[in-house]
Amino acid sequence: MFVAWRDLRFAKGRFALMGAVITLITLLVGLLSALSAGLARQNISAITGLPADRIAFAAPGPGRSPSYGDSTVTARQWRRWAEVPGVTRAEPLGITSTKATAGDRSAPVSAFGVRAGSRLAPDGGAIHDRTAVLSAAAAAGLGGLAPGDTFALAGRRLTVAAVAGDASFSHTPVIWTALSTWASVAPPGAAGTAAGPDAGATATVIALDTTAGADVAAADRAIGTRTVTKDGSLSAIGSYASENGSLQLMRGFLFAISALVVGAFFTVWTIQRAGDIAVLKALGASTAHLLKDALGQAAALLVVGTLLGTGIAAALGALVVPDTVPFLLTPATVLAPAAVMILLGALGAALSVRRITSVDPLTALGSAR
Amino acid sequence: MSLDLSDVTLTYPDGDDRLTALDHVTLHVPRGTLTAVAGPSGSGKSSLLAVAATLVTPDAGTVSVDGVTTTGLSRAELTGLRRRTIGIVFQQPHLLPSLTALEQLQLMASIDGRSPAGARGRALELLAAVGLADRAGRRPHQLSGGQRQRVGIARALMNEPTLLLVDEPTSALDHERGAAVVDLITRLTRERGTATVLVTHDRTHLRAADRIVEVDDGRLGDPPSGSGTSVGYRPQGGVTATMSG
Ligand SMILES: Nc1ncnc2c1ncn2[C@@H]1O[C@H](COP(=O)(O)OP(=O)(O)OP(=O)(O)O)[C@@H](O)[C@H]1O
Ligand SMILES: [Mg+2]
């Protein structure tokens, strides 16, 4: 790194400019990552937090994928699922979006209907016909409700049994209610219209706890459902699939742009230095030595630029971004993109300094240079 | 015994044909002596130097440096040989813009895997030997052309080479400075015992040489009256007239 460090200092302006570009792209990637994570959490945390490993939907029409928006399962289906060998638990879960009101405050919420005493809800044991468990955000959104307070869910009076968890679904906080309460607030068609012996007892999906031995596909065929893993079911949340897809696309483009910019910079830099490299080779510097020097220089620039950008993103997230913006700052959302930036940048730099190998030391002789 | 070229032939691709740059050249340069190479432009002087510097492999013949036969060595082995036993002074100083005069010399230790700090003493000593002790902290753009060329000479001597190859070191300098640089190279050849090959256009620089060889169209010959020393050497006007700067 003898020459590399001195070049960094000597061509300060150029390297500072490049470092600033890396810093800004990293800042953008960092903010976007934290925002994606924050938005995703608002969208899916109620599902990812469910104590279940698979979700059974009503079988969608041919050529369509399951959706939380238009699935309806019957009591007969979840009873049959409970009897499938290898399934340890099958819990109905009703999901609908509605409005909660307390005093003069009202807020959009997701009502999650569960059986009384269900493990799906936090404090599920406290849920019965006239009570509900509110997620922290739901309680706060209704003016800071506490256990014992009352509120109205789509016109139905309920008592707060507990405030627990931070479940959120499709950007609205979750209120856990009894299945019967859910059925009365869900739009007709989603609940209570199933014909036959199970009329009146329906839910949106069935949360399953399975063991490796369960033949899920066979059970799906017999029962008329479509079962996916819990993580796989996230794409069945309409807003999540499109939102997350476009955010990830932007992030991917930023990564690619950064690698290209770094690659272009070091390509130009290496071409400019070709004469010096020929001289160094003629003087006896090995290609490995020169490559190490050049890559070390690129790595130093990348690490400094990326850490600066990440630091600024974290500081902005912690100090400037208002609480209302969903912004999730965790080591994973901030450091992982930084690591990717460094890796891809190093790849771009490696591809461009590779041309060091092809510089012919012979060109240092004579006046041609 | 330091540089031995024996029956060396070098060709370059030239369309469908090949151009013969060196034609059965044999040259022996003992340590502590200076051999000057003269000849018209395009005659093969730089090619001779390139072969001696192991920068090109000849088509035929053998090159041996300090007793090591270079033909057949791998690229990495050649690089190591250049690093440790061959010093090269280029036509242009070819200094690195970001390094001070002192660092240009310390760099030679660095590329040899030694500590630049540990090489500081020798670097300062060499800078003093070329009369630049008080310019150690200057970068190339803060030095004159002649000073730069002297840094280049000191750099070539940094790793104690046994072979010193110098390609037209004075072409960028005026006559007086050029003469001073050639004097310096002559002195260092004696002091440090290098086998030195000096390519030059300027015949007035040849006086100090122990031997002068003339390259013409890839063939090597002592000047007509030459007997291995510069004594009695007479420039050939017909040859000098075709030379370019
Ligand atoms: N890399 C190369 N590829 C093809 N031909 C070359 C190459 N280098 C030199 N030549 C040719 O080889 C011959 C000898 O070239 P060389 O550079 O050795 O001449 P020179 O004596 O150093 O000339 P000058 O005094 O102008 O520097 C010339 O005809 C030149 O055109
Ligand atoms: Mg030449």
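This is a predicted model: local features need pLDDT of at least 70, side-chain atom pairs count only at pLDDT 80 or more; totals for chains, interfaces and linings use all residues.
Chain B contains seven helices and 10 strands. Its radius of gyration is 18 Å, close to the 18 Å that the globule rule gives for 245 residues, so chain B is as compact as a globular protein of that length. The C-alpha trace spans about 45 × 40 × 35 Å along its principal axes. Of the 245 residues, 54% count as buried. Among the contacts in chain B with a separation of 6 or more, 69% are accounted for by residues 24 or more positions apart. The chain exposes about 9,800 Å², and carbon and sulfur atoms supply 48% of that area.

Turning to the ligand, 13 residues surround ligand 1, and the closest are Ser41(B), Gly42(B), Lys45(B), Ser46(B) and Ser47(B). Strand S2 (17-29) and helix H1 (45-52) of chain B each supply at least two residues of the shell, with H1(B) giving the most, three residues.

Several polar contacts involve oxygen atoms of ligand 1. A side-chain N or O atom of Lys45(B) lies 2.6 Å from an oxygen atom of the ligand. The backbone takes part as well: a polar backbone atom of Gly44(B) is 2.9 Å from a ligand oxygen atom, and a backbone N or O atom of Ser43(B) is 3.2 Å from an oxygen atom of ligand 1. Overall, the protein covers 63% of the 640 Å² of accessible area that ligand 1 has on its own.

Conventions: Residues are numbered from 1 along each chain as its sequence is written. Chains are lettered from A and ligands numbered from 1 in the order in which they are written. Side-chain values use heavy atoms; hydrogens and water are left out. A residue is near a molecule or strand if one of its heavy atoms lies within 4 Å of it. A polar contact is a pair of N or O atoms within 3.5 Å; within protein, one must be able to donate a hydrogen and the other to accept it, and residues adjacent in sequence count only if both atoms are side-chain atoms. Accessible areas come from the Shrake-Rupley method with a 1.4 Å probe; for residues, only the protein chains shown count as cover. Helices (H or I, at least four residues) and strands (E, at least two) are DSSP runs, numbered from the N terminus. The radius of gyration is taken over C-alpha atoms; the globule rule is 2.2 Å times the number of residues to the power 0.38. Buried means under 20% relative accessible area, exposed over 50%, partly exposed in between (1.4 Å probe, protein chains only). Contact means heavy atoms within 4.5 Å.
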